[in-house]
Amino acid sequence: MLTNTQLAALFADIAGREDILGENAFKIRAYRNVAEIIDNFPRPMRDVWQAGALDGVPGIGKEIAKKIDELMRTGKLDYFERLRAKVPDGVAALLDVPDLGPKRVKLIWETLGVTDLDALEAAAQAGKLRDLPKMGEKTEQRILAGIASLRRRATGRVRLGDALPVARAIVEALRDVPGVAKIDYAGSLRRGRETIGDIDIVVATTEPATVGAAFRALPLVAEVLGAGPTKSSIRTTDNLQVDLRAVDPRHWGATLQYFTGSQAHNIRVRAIAQQQGLSLNEYGVTPEGGELIPFDTEEGLYARLGLAWIPPELREDRGEIEAAALGANRLPKLVTAKALRGDLQMHTTWSDGEVDVMGMAQAALALGYEYILITDHSRSLGIANGLTPERLIAQRAEIDRVNRDLGGRFRVLQGVECEVLSDGALDLPDEALAACDLVQASVHTSLSQARERITARALRAIGNPNVHILGHPSGRQINAREPADYDWEALFVGAAKARVALEINANPERLDLNDTHARRAAELGCLLTISTDAHSPAMLANMAYGVLTARRAWVTPDRVVNTWPLKKVLDWARERRTQ
Ligand SMILES: [Zn+2]
């Protein structure tokens with residue numbers, strides 16, 4: 001049975017869709033009024049309906065009363081269903097984007113074929129909105145910001161990739177302020193979580209007032225939320241809240257540890273302190289009846305409690321405290337960005353990337369890599385001229401030429417991001433796949449298949465001996481799209497047995513596998529890759545997010561294929577095919 005809120009939302013939805021269609025303005029206003037009336041009505045409309053008294057409610061005419069009656073009786077409204085057939089749900093949802101009224105929604109929908117938020121974001125990022133009538137580049141940017149804030153509102157948390165650059169910029173801007181000894185970001189950001197609430201910054205200084213004032217005067221500040229002697233809070237122009245805490249340099253280690261969290265980790269650490277007769281706070285530890293012992297390093301604090309220093313990414317109370325109590329060598333030697341020799345997923349102008357093979361090769365070379373794998377899309381995805389067997393052959397010629405031109409300093413490998421069709425078959429014939437150095441299979445469509453079906457589908461795909469990597473396995477997009485419902489244990493066992501690597505996609509919109517899945521996969525013996533899925537040279541820098549995710553998953557470098565020397569990678573690829 002429908003509540004008043006649901007009823008009101010439905011009438012508001014009708015108004016929105018009719019607005020997009022450009023229907024009669026009076027009619028649209030009438031629906032909006034009805035939504036308003038129902039939303040504010042003091043009793044359930046259901047009771048009014050059951051009492052047969054709908055026509056006695058001021059503002060509800062005969063037509064509306066009939067619609068409410070149909071909804072209450074059948075749970076559906078034929079009129080609304082017909083409207084939905086004309087204006088898809090995804091198009092109606094675009095009205096929630098700030099700066100996007102019904103006229104613009106209609107224009108974007110009709111001229112660009114945009115029917116959901118993802119497509120709108122892609123169109124704006126590709127600069128396709130600015131040339132539409134009465135739009136321009138500024139509006140396009142506002143729409144992008146609106147989409148971002150809409151997604152944040154959904155979870156109240158921003159993606160790691162949206163928060164980390166802001167935090168780094170603030171830290172860099174304040175580093176040279178007089179009196180600053182040390183400065184770093186803390187909280188879930190320092191732990192590398194995939195989404196962040198507020199940004200916490202800790203600064204060690206003997207002049208807290210100076211740093212606080214400099215912080216509040218930064219150009220990115222939209223609003224000052226608080227200004228105390230040691231703590232300031234601001235809201236940035238991107239609508240992020242940032243808290244700055246100033247401490248005496250003697251307390252730096254204890255304070256950084258305290259504000260890095262997680263809460264679960266810190267509860268355990270405090271309990272360990274208590275067992276030793278110590279009380280722990282953000283300044284240090286205090287023995288019973290004694291003086292506060294400050295710590296200027298985290299290492300000092302952990303050591304005082306009998307624990308090895310724990311990398312921030314592990315501080316989630318997922319076994320790291322038990323390991324640290326046994327000594328530093330019981331904690332995993334986590335993978336680092338420096339250990340990576342290559343990047344195994346990226347796109348070029350052969351499909352939907354921005355630059356050609358040479359462009360990506362040179363960018364990767366500049367980052368210090370030894371090799372890259374080019375993985376353009378296969379044809380069935382239907383985006384930007386996906387690869388056919390013939391085009392793969394032509395691409396091979398270009399890759400050979402690039403390798404010759406680079407003169408052996410670097411190796412470009414040919415791969416393909418091959419679509420896994422809805423039944424698990426691959427989008428390219430085996431001969432075409434066999435000619436690639438490495439093949440990545442990815443599921444992009446029908447992600448909502450039932451668990452058994454989608455699991456069998458992925459297992460069938462990785463059962464093909466030409467497949468080496470399963471790309472962004474869950475298909476989720478953080479704050480935007482739910483992951484597919486795999487039987488993860490079965491998938492991981494299958495991948496481990498086949499020696500097919502699972503990707504940790506480093507794009508901060510994906511981070512897929514996520515930390516807990518990647519950890520379980522590694523426990524079950526799976527190989528992993530950490531790759532950016534870059535569509536432009538700039539996106540190669542996203543690797544840092546993938547590394548953070550892998551570290552949160554306790555991943556050591558030996559597990560990660562792209563830490564291996566090229567020869568070992570190629571040997572693995574060959575062995576896989578002769579299994
Ligand atoms: Zn993909």
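Colleague: Which lysine forms a salt bridge with glutamate 63?

Modeller: First, a heads-up: this is a predicted model, where local features need pLDDT of at least 70, side-chain atom pairs count only at pLDDT 80 or more, and totals for chains, interfaces and linings use all residues. Residues are numbered from 1 along each chain as its sequence is written, and side-chain values use heavy atoms, leaving out hydrogens and water. For a salt bridge we want a side-chain nitrogen of Lys or Arg within 4 Å of a carboxyl oxygen of Asp or Glu, and here the closest N and O atoms are 3.7 Å apart. The partner is lysine 67.

Colleague: Where do glutamate 63 and lysine 67 both lie?

Modeller: They sit four residues apart, about one turn of the helix. Helices here are DSSP runs of H or I with at least four residues, strands are E runs of at least two, and both are numbered from the N terminus.

Colleague: Is lysine 67 buried or exposed?

Modeller: We call a residue buried under 20% relative accessible area, exposed over 50% and partly exposed in between, using a 1.4 Å probe and protein chains only. Glutamate 63, at 49%, therefore counts as partly exposed. Lysine 67 has 10%, so the label is buried.

Colleague: What does the salt bridge between glutamate 316 and arginine 191 tie together?

Modeller: Their closest N and O atoms are 2.8 Å apart. Glutamate 316 is in the loop between helix H15 (298-304) and helix H16 (320-326), while arginine 191 is in the loop between helix H11 (187-190) and strand E3 (195-196). So the pair ties together parts that are 125 residues apart in sequence.

Colleague: How many salt bridges does the structure hold?

Modeller: Another of them joins aspartate 89 to arginine 84, with the closest N and O atoms 2.6 Å apart. The total is 39.

Colleague: Why do the buried residues of H20 line one face of the helix?

Modeller: Ile454, Thr455, Arg457, Ala458, Ala461 and Ile462 are buried in H20. Take the directions from the helix axis to the C-beta atoms, which is how the arc is defined. Seen down the axis, the buried residues line one face because they fall within an arc of 155°.

Colleague: Which elements do the buried residues of H20 pack against?

Modeller: Glu452, Arg453 and Gly463 are exposed on the other side of H20, so let's follow the buried side. Contact means heavy atoms within 4.5 Å. The neighbours are strand E16 (469-471), helix H21 (488-498) and helix H24 (566-577).

Colleague: How many residues of strand E17 are buried?

Modeller: E17 covers residues 501-505. Ala501, Glu503 and Asn505 are buried on one side, and Leu502 and Ile504 on the other.

Colleague: In which sense do E17 and strand E18 pair?

Modeller: Two strands pair if DSSP finds at least two bridges between them. E17 and E18 (residues 528-531) have four, and isoleucine 504 has isoleucine 530 in E18 as its bridge partner. The sense is parallel.

Colleague: Which helix does the chain cross through from E17 to E18?

Modeller: This β-α-β crossover is right-handed: with the strands pointing away from the viewer, the path from the first strand over the helix to the second runs clockwise. The helix spans residues 515-523 and is H22.
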